[in-house]
Amino acid sequence: MFRKILVANRGEIAVRVIRACQELGIRTVAVYSEADRDAAHTHLADEAICIGPPPAKDSYLNVANIIAAAIVTGSEAIHPGYGFLSEDSRFAEICQHYRIKFIGPKPETIRAMGDKVQARQLAVKAGVPVIPGRDHIQSEREATAAAAELGYPVLIKAAAGGGGRGIRIVHSETELIRNLSLARSESEAAFGNGALYLEKYLEEPRHIEIQILADEHGNILALGERECSVQNVRHQKLIEEAPAPGLTPQARERIARSAMRLCAAVGYTSAGTCEFLVSRDGHFYFIEMNTRIQVEHPVTEMVTGIDLIKEQIRLAAGERLSIRQVEMRGHSLECRLTAEDPDRNFAPDSGTITRLRLPAGPGVRVDTHIYEGYWVPPFYDPLLAKIITHGRDRNEAIARMRRALREFVIEGVKTTLPLHQRLLEHTRFVKGDLSTAFLPRFLAEEYQG
Amino acid sequence: MDLLQELVKIVKDSGIGELTVRVGDWRVTIRKHSLVPPPTGAGAAGKVEERSPAPTVAEEKTSRTVPVKSGWVGIVKRSLDGKGLVRVGDTVRKGQTICWVDSLGITNEVRAPENGRIVEILVEDGQPVEYGQVVMSLEVETSESQ
């Protein structure tokens, strides 16, 4: 086992990793930017090293200073948390070069799964369903034939595109023909390439993901799913839960097996998550893999009783997966409280927290780095706290979340707390009738209706 | 400035020859200039000094302390191949390399931000430093005649 780990992150996840290390008897080194001198992770760790000025590119993304910090402190491993350098294959390679264990998968796995096209190809090869699509669409005839085969509605995408640019939804052949030349010229202008990609459009799908743990000896374990459909239009998740409401045991099993098959095919090691879209008719499609620990990992911890961060560290140390079977118990919800203003299209806010009272009591866990008097810097992710509840069933987990949100007092910055309180009362949410359309529709009703 | 005038007055009116006031990074030294040059060096050692009774000129000499910080995380090198070692009291010029920080095999130069005199060295050779850590303090003088 490692004797000392450097935590290359900030905020609640740095605190979470430091806590796991402390429980494992591992010394910790925090790295911090000049804006985080008084941050919780800086104080909780055994040692702390300033790595740069406030902007993330000069500090939490400053590879040279982070590696140098690991060397001067004699750290044997680096935990990258999520975000920042967690999915940077170059960083994982540099760690390897300096004989520092990167707590995550191998650099080549990060690279392969980080490339969406390659990840899709690997999934197809592993027999994992992906959203049906046709590439290299040049002519109108090719497009109409492909769309008929896929079934309307379809998405027209620029083959060279990314980040949602140039995507159009068409519901009929007439619409397809009308939009085709426009999409082609747009793609030409934006990417210098007019080639188009047609993809089946899933209407109101659910976002369901599978938590994976894999050791370096070929053992892979799926720890059930998480329902993460409550997302805004920027794909920011607000509420996650485990298990996914209404998912049949057969469907759960099939999705989990697919995820394990893909991980086996790519020789995955460490903790990771395979994300799927599940259509209304129950079909599921792989969309991407996150080769790191995720923000919403606590809901899985609550229902499985497994500390994912500690497991991830053990696996990185070369230990064998000791868990053979996972027993699910009860239901867990997580609300992500962020310093954002839902009234202003989730504009981030910064400032000093003038008053803070955290909820507690049975079945309530709060993962956070904030405290009264803490200054929320404007430079980083606006996540303030994760409120996690656990109950015997979904109703109890919801009741506990409503209570926890009522108990939560935070003043000084705009937060998503009132929005969460309203979401937890919404009939569709309570019924578990969820899809990625839920939150955008809820917001449209609230703010335009 | 009011404070400075006040301090000059205190020095003028008192029997003291020199007064140094330090607030944070700022340091002000007010010295009386006498016609008799002050005793210096070994010759003055052990002698009981007699203060000149009346100063003829009063000059404010202000100086401030400028911290010199490391821009890297790494290991300090006070000299490179036996050269470039600076000591307390040394006068350095703006841009002069005053120590090095070795980071991942790259030797980064820490340079004096201004002309001045080294008044404090806060790191040892071979010591690890973090970003922004003060490695030396420089006294930078500015003088104004009254």
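## Exercises on a predicted model

Helix 4 (residues 89-97) and helix 5 (residues 107-114) of chain A pack at an angle of about 175°, and their axes lie 8 Å apart. The model you are looking at is predicted.

**Exercise 1.** Work out whether helix 4 and helix 5 of chain A are roughly parallel or roughly antiparallel to each other.

*Solution.* Start with the angle between the two axes, about 175°. Angles over 145 degrees count as roughly antiparallel. Helix 4 and helix 5 of chain A are therefore roughly antiparallel to each other.

Next, find the residues that meet. Helix 4 of chain A brings Ser89(A), Ala92(A), Glu93(A) and Gln96(A), while helix 5 of chain A brings Pro107(A), Ile110(A), Arg111(A) and Gly114(A). Sorted by class, this contact has 3 nonpolar, 3 polar and 2 charged residues.

**Exercise 2.** Find which element gives the largest share of the side of chain A that touches chain B.

*Solution.* The contact takes 11 residues from chain A and 10 residues from chain B. On the chain A side, strand 3 (47-52) and helix 3 (63-73) are the elements that give two or more residues. Helix 3 of chain A has the largest share, with 6 residues. By class, the chain A side divides into 8 nonpolar, 2 polar and 1 charged.

Conventions: Residues are numbered from 1 along each chain as its sequence is written. Chains are lettered from A and ligands numbered from 1 in the order in which they are written. This is a predicted model: local features need pLDDT of at least 70, side-chain atom pairs count only at pLDDT 80 or more; totals for chains, interfaces and linings use all residues. Two residues are in contact if their C-beta atoms, placed from the backbone, lie within 7 Å. Helices (H or I, at least four residues) and strands (E, at least two) are DSSP runs, numbered from the N terminus. Ala, Val, Leu, Ile, Met, Phe, Trp, Tyr, Cys and Pro count as nonpolar, Asp, Glu, Lys and Arg as charged, and the others, Gly among them, as polar. Axes are lines fitted to C-alpha atoms, for helices over the stretch in contact, and angles run from 0 to 180 degrees between N-to-C directions. Angles under 35 degrees count as roughly parallel, over 145 as roughly antiparallel, 65 to 115 as roughly perpendicular and the rest as oblique.
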